[in-house]
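Have the coordinates open as you read.

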Amino acid sequence: MARHEFTRPPLGDFHTSPFYGRDVISADDFSKPEVIQISDLATQIEMIQRNGGRSTILAGKIANVIFYEASTRTSGSFQAAMLLLGGDVITYPDPKKFSSAAKGENLEDTARTLDGQGHVTILRHVDIGSAAKAARAARNPVVNGGDGAGEHPTQALLDLHTILRTHGEVDGLTVTMMGDLKFGRTIHSLAKMLTMFEDITLNFVSAEGLDMPEGIRDDLRTKGLGNQYATRSLADVLPTTDVLYVTRTQNERFQEEDPEFAEMIRLSIPLYQVTPEVMEGAKTTMTLMHPFPRNEEIAPTVDDDPRAVYFDQADYGVDVREALLALILGRAV
Ligand code: NCD
């Protein structure tokens, strides 16, 4: 993995960024200064574009956006990011059905083929480890847009950016993750990225059977995030929470295999739902985040609460992905 040479030689000073040509597979691929750099660059890009500024830093670059799982925000914001920076995109609608995967092609062969028809591959796939597998085969950089119940590193980047934009800092915060902590890949990556910061308290609130995997909790401890607390009740941790990060139940990962478990989880939804009444018990400075799509876990009546930042969070996704793609494909700005 690590760094790749492009199939076509870069032009001009396009390879001055230490990010140039890099894969993005896991939250572990970033150092803290890099996360801060991406966030700062995302803010700069947001300000420039808000004032009507345009960049063509990715002119002549093509992203292959191939998503084997459903997506609105991740796929759309990567495409918007490419287009806003002057690049182009090729999309593969429903690739399970309409790409060569339907003819039995393996992911490695697909990834190698995409090398020749673009400069970066943005991949979402149902299997854990699929992005790493594609990256091993490909020469172009591969960006993991979600690998099954594994990771979603670019979501973690935009989540951290949102925390930085709304709280000004990450150090010292109490972050509470609530929902499907077992299969939700966004919180796996975000938890990993939080280990870069000092004095974090991480609370896990979930129904039985959807707990944060022990392997991930151990990994977080090894990386210095020992201040972890798991509970079945949000009320235990809400008053001290600075960031409440809620996720939906990933029904598609277990519904077919275990309909009884799915029904049990469905019945527990009211216990883990954020409503205006629940928000009354939260700090006035708390922020409420959600990677979307949401189901019943946050009532729409909460949307007007100024602490609900999830639509801003989605918007920041475009800025952060512009910053990341500029660093991977363009020149350092
Ligand atoms: C998430 C995902 O796909 O992992 N969505 C996203 O990318 N913003 C969350 C989810 O599907 O629940």
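The lining of the second largest pocket in this predicted model comprises six nonpolar, seven polar and five charged residues. About 260 Å³ of space lies in this pocket. It has 18 lining residues, and T249, I265, R266, S268 and I269 are the closest to its centre.

Of its 22 lining residues, R124, R185, R248, F292 and P293 lie nearest the centre. Two helices, α2 (73–84) and α7 (185–194), each supply at least two residues of that lining. Sorted by class, the lining has five nonpolar, ten polar and seven charged residues.

Searching the whole structure turns up one cavity of 30 Å³ or more, and the volume of the largest cavity is about 30 Å³. Its lining is made up of I66, L107, T110, A111, L114, T121, L123 and A134. Six of these residues are nonpolar and two are polar, with no charged residue. Both α4 (107–116) and β3 give at least two residues to the cavity lining, and α4 gives the most, with four.

| Space | Volume | Lining by class |
|---|---|---|
| Second largest pocket | about 260 Å³ | six nonpolar, seven polar, five charged |
| Largest cavity | about 30 Å³ | six nonpolar, two polar, no charged |

Now for the sheet. Strands of a sheet pair through backbone hydrogen bonds, either parallel or antiparallel. Here, four strands form an open sheet in the order β2-β1-β3-β4, with parallel pairing. At the edges are β2 (88–91) and β4 (142–147), each of which pairs on one side only. From one strand to the next, the twist averages 15 degrees. Strands β1 (residues 62–67) and β3 (residues 120–125) run parallel and are joined by five bridges; A63, for instance, has V120 in β3 as its bridge partner.

Which strands does α2 touch as it packs on the sheet? The helix is in contact with β1, β2, β3 and β4, and its direction makes about 175 degrees with that of β1. As noted above, α2 also supplies at least two residues of the lining of the largest pocket.

Terms used: Residues are numbered from 1 along each chain as its sequence is written. This is a predicted model: local features need pLDDT of at least 70, side-chain atom pairs count only at pLDDT 80 or more; totals for chains, interfaces and linings use all residues. Side-chain values use heavy atoms; hydrogens and water are left out. On a 1 Å grid over the protein atoms alone, a cavity is a set of points where a 1.4 Å probe fits but cannot get out, and a pocket is an open set with protein on both sides within 12 Å along at least five of seven lines; lining residues have an atom within 4 Å of a point. Ala, Val, Leu, Ile, Met, Phe, Trp, Tyr, Cys and Pro count as nonpolar, Asp, Glu, Lys and Arg as charged, and the others, Gly among them, as polar. Grid points are joined across faces, edges and corners, and a volume is the space filled by probe spheres set on the points. Two strands pair if DSSP finds at least two bridges between them. Axes are lines fitted to C-alpha atoms, for helices over the stretch in contact, and angles run from 0 to 180 degrees between N-to-C directions. Contact means heavy atoms within 4.5 Å.
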